Amino acid sequence: MKSKLLPLLLLSASLSLATAKAQTVLFNENFDGNTYRDNTLLNDDTYSAVGAGKLEHGLWDVRYLNVSASTDRALSGTRSMKLDLPADASKDYAQVLGYFGIDGSEAVPTQEAIKVRFAFNLTNVNTTVEFYIRDRAGNNVGLVAIGGSQANVRLRSDGYSSTTGNLNSNEWYTLEISLPSNPQSSSEYSLSLFDATGQNQIGSVLSGGFYAPNTSGVDTGYFYMGVAFFPGDDASSSVYFDDMSVVTIPEGKTALNLAFGGAVCFALLRGKGLLQRAK
Ligand SMILES: [Ca+2]
């Protein structure tokens with residue numbers, strides 16, 4: 001009987017393994033790779049990190065100046081990504097986009113549930129940085145404000161929700177944002193704030209509807225994320241980002257696959273009369 005049980009156990013194990021592999025990395029960037037150069041603007045033509053095949057995962061598209069790979073401070077390695085608010089805030093601002101893509105050579109929208117994680121560090125928490133996730137049509141499905149007069153993190157949907165935690169200047173924090181599969185106009189997303197280790201949660205989990213959901217009925221999925229520093233804030237502040245990642249969440253599939261695997265094993269065992277014999 002053991003010789004007949006073994007294939008069933010292997011089948012069950014392989015189903016579990018397939019489930020574990022279902023999580024896909026769509027974006028992963030720590031700014032320490034050789035596609036960056038110390039303290040160089042990301043839109044530098046010679047050493048640009050922008051473009052197909054230049055990053056392991058995802059693509060950066062710098063639309064404006066004032067974004068660089070910086071050695072000022074880093075949570076991992078020696079570099080992070082720095083956004084500077086220019087001294088003349090009325091003229092310019094800092095913004096950078098990161099497109100999702102499985103192999104780094106092509107931007108690919110996804111309908112999968114995704115988890116976005118990144119670390120941030122503000123030189124002045126009373127300035128506001130906006131982080132957003134958009135679909136292919138450019139709708140803000142996720143919009144999070146970091147810092148500002150309340151020095152907190154706010155999930156934007158119909159209104160603001162605030163954490164109970166207070167941000168400190170010059171300190172690393174980790175933000176995790178979860179968005180559901182098959183994004184619809186009625187979908188909700190959530191966020192959690194952690195300390196620099198990414199382990200200890202600060203404040204409560206926030207959730208709310210999409211900020212500007214796609215109502216066209218056309219599936220445009222999740223396509224890219226971005227961060228922006230806007231004029232009107234403290235003109236001399238900077239914000240740093242590190243260890244940014246986007247992974248798909250095999251939402252519901254884990255339980256389904258395991259249940260399926262279990263049902264297959266049960267049916268096969270019943271068919272071979274092994275369950276009765278085991279009693
Ligand atoms: Ca780093």
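Q: Let's take two residues as in contact when their C-beta atoms, placed from the backbone, lie within 7 Å of each other. With that, what share of the protein chain's contacts with a separation of 6 or more comes from residues 24 or more positions apart?

A: Those residues account for 71% of them. Keep in mind that this is a predicted model, where local features need pLDDT of at least 70, side-chain atom pairs count only at pLDDT 80 or more, and totals for chains, interfaces and linings use all residues. Residue numbers start from 1 along each chain as its sequence is written.

Q: Ok, and what is the average pLDDT?

A: The protein chain averages 77, and 67% of its residues score at least 70; pLDDT is the predictor's confidence in each residue, from 0 to 100. Over residues 8-20 it is below 50, and that stretch has 17 contacts in the model beyond near neighbours in sequence. Residues 50-56 are also below 50, with 21 such contacts.

Q: How many helices and strands are there?

A: Three helices and 16 strands, taken as DSSP runs numbered from the N terminus: H or I with at least four residues for helices, E with at least two for strands.

Q: Let's look at β10. Why call it largely enclosed?

A: Because five of the five residues of β10 (residues 152-156) are buried. Buried means 20 or more other C-beta atoms within 10 Å of the residue's own; exposed means 12 or fewer, and partly exposed is in between, with C-beta atoms placed from the backbone.

Q: Which residues sit on each side?

A: N152, R154 and R156 are on one side, V153 and L155 on the other. In a regular strand the side chains alternate between the two faces of the sheet.

Q: How many bridges join β9 to β10?

A: Five, and the strands run antiparallel; DSSP must find at least two bridges for two strands to pair. V153 is the bridge partner of I146. The hairpin has four residues between the strands, and G148 takes a positive phi near 95 degrees there.

Q: Switching topic: which residues have the most contacts inside the largest nonpolar core?

A: F100, F120, L175, L179 and F241, in a core of 58 residues. Such a core is a set of buried Ala, Val, Leu, Ile, Met, Phe, Trp, Tyr and Cys residues joined through C-beta atoms within 7 Å.

Q: What does F241 touch?

A: Not counting residues up to four places away in sequence, F241 touches S80, M81, F118, A119, F120 and V227.

Q: Last one: is N170 buried or exposed?

A: N170 is exposed, with 11 other C-beta atoms within 10 Å. Although not a glycine, N170 has a positive phi of about 60 degrees.
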